[in-house]
Amino acid sequence: MFTLEEKVGQLMMVGFEGTTLPEHIKHWLATGRIGGVYLFARNIESPAQVKQLVEDCHAAAKYPILVGIDQEGGIVARLREGFTESPGAMALAASGNTQLAEDMAYIMGKELLAMGINWNFAPVADITHNIDNASVSTRSIGTDKEQVSAFVQAQVRGFQRAGVAATVKHFPGLGKTSIDTHHQLARISGSVDYLYEQDLVPFRGAIDSDVACVMTTHVLFEELDSIYPTTLSPIVISKLLRTDIGYDGAVCTDCMEMKAITDEYGTAESAILTVLADVDLVLFSHTRSRQEEAYEAVLDAVKSGRITEARLDKSIERIQHLKQQYAYNNPPALDIIASDTHQHVAQQAANAGTVLVKSSENFPLSTDASNIVCIEFATYLFSDAVEAGSLTGFSYAISTHNPSVTCYIVHPHTIDDATIANHVAHTKTADTVIIATRNAHMHAKQAELTEQIT
């Protein structure tokens, strides 16, 4: 069915810039040079625009393709304005309601499928071991392995019931390091027994729930493989995941352009090593030259015999099975996106995940109270909005609830002593001060400002 060049192409998943289909991506799809694409916020304007973009991808493709996206909910969601937004994993877990988590995943899955997106890079199965882990944060369900496993399984059921392939990540667990693999290689030491007893439990649960795909992490687990990080490690992928755990489904990489990989191993060699490690889908998110280099390197490695064609065929078999299971056909109507029914469930989930630790006479905030100041620490996710002078989602909601609230957004890049003094002054005469933070424990200046205000 496939030529050798097309077999290699089936392994390659790529991202691109813009809200319309670039000519080179169209050509790659038409010639079987790639097996699919995945989208980022840079590709998103509206549901109708995304649907057209994705339909153009499907129409251009010589073979059925996967169209992927990171739509976890919470802080990692590529689809926001105009779509139904889900609380993040930790907020869902705070509800204690796995059925609600499954329902939210089902709703997100249906909205993805309405636009032709058939592959979601969720749920996150990482256990929170280290609260300084910026990569995981509230994307993690929590600290208890059984709770994490139960919610992961619920989300897998929801996505896949909607007709979208779920991807459990980041195997075998990213929660024990404070290093962000976008910036450098992370190493985790310690007992392999601990890994089996803790971090692997949610992944086993997802596999038991027939999860469609497993995504690897770029973390080096020293007790398992002292040379290679998971993404490039036959010990972790071929032996631990496939042989010991018994998983024979599709495995994909995290983005291969993260510095944990590119700085340590380079584009060509890392692409070859990940295929040799028994990974099926190789993801290059950004750079055309790297996408081309990775393809040529794997093709040359097969031609030279470094990668056997039998090894290649095994990945083709898994990828074909994944594509057949989650083929794009009979999508739901586009008007289900952000429908009243979906929004109602999302509101239920948001309410259920809100935890009141301590109350006072000023809470809940009335719609007619005055002399209120809101200080919100923006995340990097909202830095563009802050630079444009607009409000984040939280401050917008507060302002809508009570228009007399004065909101100040603290830019994540510029919290210094002058900023602290300025915002402390803003709150001196306020009757009520609202402070919104997502990660003050990781930022001394955020904590300092909060302490001076309170």
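1. Let's start with a term you will need: a pocket is an open set of grid points with protein on both sides within 12 Å along at least five of seven lines. Keep in mind as you read that this is a predicted model. With that in hand, look at the second largest pocket, which holds about 240 Å³ of space.

2. Which residues sit closest to the centre of that pocket? They are Asp248, Gly249, Ala250, His321 and Gln325, out of 14 residues that line the second largest pocket.

3. Sorted by class, the lining has six nonpolar, five charged and three polar residues.

4. A cavity is a set of points where a 1.4 Å probe fits but cannot get out. How many cavities of 30 Å³ or more are there? The count comes to three.

5. The largest cavity has about 130 Å³ of space. Its lining is made of 15 residues, and those closest to the centre are Ile188, Gly190, Ser191, Leu195 and Phe221. Helix H7 (residues 192–197) gives the most to the lining of the largest cavity, namely three residues. By class, this lining divides into six nonpolar, five polar and four charged residues.

6. In the second largest cavity there is about 40 Å³ of space. You can find its lining by locating Glu72, Ala89, Pro123, Val124, Arg139 and Gln155. Three residues in the lining of the second largest cavity are nonpolar, two are charged and one is polar.

7. Finally, here is a pair of helices to look at side by side. Helix H17 covers residues 417–427 and helix H18 covers residues 444–453; they pack with their axes 10 Å apart, at an angle of about 30°. Why is H17 described as roughly parallel to H18? Angles under 35 degrees count as roughly parallel, so the angle of about 30° puts H17 and H18 in that group. The crossing of H17 past H18 is right-handed.

8. Which residues make the contact between these two helices? On the H17 side they are Asp417, Ile420, His423, Val424 and Thr427, and on the H18 side they are Lys445, Glu448, Leu449, Gln452 and Ile453. Taken by class, the contact of H17 with H18 has four nonpolar, three charged and three polar residues.

Technical notes:
Residues are numbered from 1 along each chain as its sequence is written. This is a predicted model: local features need pLDDT of at least 70, side-chain atom pairs count only at pLDDT 80 or more; totals for chains, interfaces and linings use all residues. Side-chain values use heavy atoms; hydrogens and water are left out. Axes are lines fitted to C-alpha atoms, for helices over the stretch in contact, and angles run from 0 to 180 degrees between N-to-C directions. Helices (H or I, at least four residues) and strands (E, at least two) are DSSP runs, numbered from the N terminus. Angles under 35 degrees count as roughly parallel, over 145 as roughly antiparallel, 65 to 115 as roughly perpendicular and the rest as oblique. A crossing is left-handed if the near helix is turned anticlockwise from the far one by less than a right angle, and right-handed if clockwise. Contact means heavy atoms within 4.5 Å. Ala, Val, Leu, Ile, Met, Phe, Trp, Tyr, Cys and Pro count as nonpolar, Asp, Glu, Lys and Arg as charged, and the others, Gly among them, as polar. On a 1 Å grid over the protein atoms alone, a cavity is a set of points where a 1.4 Å probe fits but cannot get out, and a pocket is an open set with protein on both sides within 12 Å along at least five of seven lines; lining residues have an atom within 4 Å of a point. Grid points are joined across faces, edges and corners, and a volume is the space filled by probe spheres set on the points.
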